[in-house]
Amino acid sequence: MTPSADFIVVGAGSAGCIAAAELARRNVGRVLVLEAGPTDNHPLVKMPFGLAWLMGSKRDWRFKTSPQKGLGGRQLAVPRGRMLGGSGSINSMVWFRGRRDDFDGWGVKGWSWRDVEPAFESVEAKLQPKQMTGVHPLVQALSGLFGGNSDDAPTPEYESAGIFCFNMRNARRWSAADAFLRPAQDAHDLKVMTGCVVDRVEFDNGQAKRVVLVDGTKLSAAKGVILSAGSISSPAILMRSGVGPEEHLKELGIELVHSAQEVGENLHDHPAAGLHFAGPGSGYGLTFSQLLAWALAPFRYLFTRTGRFASPTVEGGAFFNARGDTGAPDVQCHFIPFMLDWKGSRFTLGSGYFADVCVCRPKSRGRLRLVSSDPRVAPEIDLGLFQDVDDVETLVAGLKRLRTLMNKAAFGPHRAPEVHPGPAVSSDDALRQHIKTRGATAYHPVGTLRMGDGTAPVTPRLAVAGVRGLWVADASVMPAVTSANTNAPSMMIGYRAAEFISEDAA
Ligand SMILES: Cc1cc2nc3c(=O)[nH]c(=O)nc-3n(C[C@H](O)[C@H](O)[C@H](O)COP(=O)(O)OP(=O)(O)OC[C@H]3O[C@@H](n4cnc5c(N)ncnc54)[C@H](O)[C@@H]3O)c2cc1C
């Protein structure tokens, strides 16, 4: 078989696009990217508000969790982007690096804040995240909540609130595919193939040599393979390739290449719960008085790049300490100035707004396992939500403080009463029940291929331990989730991967 490429990158998501582009820029040889989904060339991908329709569409993998004990057996949607740009093509584009001590706390050589900061800067030079303009007055009003310079974007480093930064350009999504992949395709030896669902990697004497697609096509990689299929799919591909917990692979009839007990372990996400507010004249929503604005929204967006279709729904929020201690912020609030449903219907009438709290550094851990060796069968995704009682108690405290902050914010004529769960739900027990029945996640699953020394499945230089020529570059390698949204850290990981792989493969 003639080599299809020197390096094959599996998955063109937030990290994969950057790993591939940066490898190609470093002239490591021919780079081939295999993406399961289609291109991102769709108006709903580019228009910020489009994410409201993308979730649950064919551009979403539409995964589900297993029944979550901590949620009374409920199953949650686990949306993951399935196209060029990956989850970065269906996300809200909120941009946070995380806290400096998130990276120091990983305790992994080469990943301290000092190590990762230059990579963030290189990524940001191309993504150019900025505070959103034209936000709803409700979001503007958050800025004064903790004093200080109200023009500054909030940060997880200290208690702060206001308008978030986003990776948008001229009110259009500007993803890793836009900023890195496409420019590199034009300038370097980089080929991208869409519609290629990868089943597994094949090895010759422990060296990754080929990638096998679900239709049986084999593509060879002369120098190596990089898994960038995300926290759900990368461990699944690795297990189907014979690298994973020995007993589990045996049960599924998968031939063992290397026994790696921790593959699929350490799965976690930011657990979240929220408050809904509704009342005339508050946030955006489907009301008689807003009908004209909604009818004109597509044209306003098309011609002026403003209006509600220019909004990625989340426009701002806060970081604060749930118990009001002087310690570091331990919860993040996402503020959405739109009426969101809380009754289970697709459309809700009325105007309103929504604010959540999510635990910045959750302690609960779940795990990912294969259900079958058939790549068309989704894996079992157990997020292990609220298995550690501290996560529940932090959210209970966080919801209480969120209420206080929402009451304090200078919302003026846009203020609306809390309608769900409602002020009557105020005791610790009642809030625990609210979390159990309504709790969800921030869509930030990480950790299934944690990097580190010893028993970690991935080395600090992102190589899969125990085999050769195979690396991982995506959110799955985070030992612990960062204290805020995970897109920027995933991109930083993609960038670091190219640095390591270009050095080590040479
Ligand atoms: C709805 C939603 C909203 C979010 N909002 C934000 C936000 O506002 N800010 C933020 O920072 N983070 C946000 N996130 C999280 C953030 O987008 C992700 O953490 C980040 O994109 C993860 O990057 P990744 O490279 O690890 O994986 P992904 O970006 O998911 O990339 C994985 C890629 O691999 C492809 N793939 C998977 N399996 C295969 C296979 N078998 N063969 C070939 N290709 C495959 C996928 O199609 C995808 O393109 C959000 C996520 C979602 C889903």
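How many salt bridges does the structure hold? I looked this up before anything else. The structure holds 30 salt bridges. The model is a predicted one, and I kept that in mind throughout.

I began with Asp40 and Lys46. Their side chains form a salt bridge, with 3.6 Å from N to O. Are Asp40 and Lys46 buried or exposed? I found both of them buried.

Next I took Asp204 and Arg210. This salt bridge has an N to O distance of 2.8 Å. The two partners fall into separate accessibility classes. Asp204 has a relative accessible area of 35% and is therefore partly exposed. Arg210 comes out at 17%, so I list Arg210 as buried, the limit being under 20%.

Then I checked Glu262 and Arg450. Their side chains meet in a salt bridge at 2.8 Å, N to O. Where do Glu262 and Arg450 lie? Glu262 sits in the loop between β15 (258-259) and β16 (271-278), and Arg450 sits in the loop between β24 (440-441) and β25 (470-472). The pair therefore ties together parts that are 188 residues apart in sequence. I read 21% relative accessibility for Glu262, which counts as partly exposed. Arg450 also reads 21% and counts as partly exposed.

**Entry: a network**

I returned to Asp204 and Arg210 to see what else they join. Which residues are linked with them in a network of salt bridges? The network links Asp199, Arg200, Glu202, Asp204, Arg210, Lys218 and Arg240. Within that set, I had already noted the Asp204 to Arg210 bridge at 2.8 Å, N to O.

**Entry: the second largest pocket**

Six residues are nonpolar, seven are polar and six are charged.

Arg305 lies in the loop between α10 and β18 (316-320). Its phi is near 55°, a positive value in a residue other than glycine. Most residues other than glycine have a negative phi, so I flagged this one. At 23% relative accessibility, Arg305 counts as partly exposed.

**Entry: a nonpolar surface patch**

Which residues make the nonpolar surface patch of about 590 Å²? Leu292, Leu296, Phe299, Leu302 and Phe303 make it. I followed up on Leu292, which is found in helix α10 (residues 291-304). Why is Leu292 called exposed? Its relative accessible area is 61%, and the class needs over 50%, so the label holds.

**Entry: backbone checks**

I went through the backbone next. The peptide bond from His420 to Pro421 is cis, and its omega is near -5°. Most peptide bonds are trans. Pro421 is found in the loop between β23 (418-420) and α12 (428-438).

Where is Asn27 found? I located Asn27 in the loop between α1 (14-25) and β2 (31-34). With 66% relative accessibility, Asn27 counts as exposed.

**Entry: two pairs apart in sequence**

Phe120 is found in helix α5 (residues 113-127). At 0% relative accessibility, Phe120 counts as buried. How many residues separate Phe120 and Arg97 in sequence? They are 23 residues apart, and their C-alpha atoms are 7.4 Å apart in space.

The second pair was Gly86 and Glu35. Gly86 has its place in the loop between β4 (77-78) and α4 (100-106). I read 6% relative accessibility there, so Gly86 counts as buried. Gly86 and Glu35 are 51 residues apart along the chain, and 8.8 Å separates their C-alpha atoms.

Terms used: Residues are numbered from 1 along each chain as its sequence is written. This is a predicted model: local features need pLDDT of at least 70, side-chain atom pairs count only at pLDDT 80 or more; totals for chains, interfaces and linings use all residues. Side-chain values use heavy atoms; hydrogens and water are left out. Ala, Val, Leu, Ile, Met, Phe, Trp, Tyr, Cys and Pro count as nonpolar, Asp, Glu, Lys and Arg as charged, and the others, Gly among them, as polar. Patches are made of residues with over 30% relative accessible area and no salt bridge: like charges are joined within 9 Å, nonpolar side chains (Val, Leu, Ile, Met, Phe, Trp, Tyr) within 5 Å. Accessible areas come from the Shrake-Rupley method with a 1.4 Å probe; for residues, only the protein chains shown count as cover. A salt bridge is a side-chain nitrogen of Lys or Arg within 4 Å of a carboxyl oxygen of Asp or Glu. Helices (H or I, at least four residues) and strands (E, at least two) are DSSP runs, numbered from the N terminus. Buried means under 20% relative accessible area, exposed over 50%, partly exposed in between (1.4 Å probe, protein chains only).
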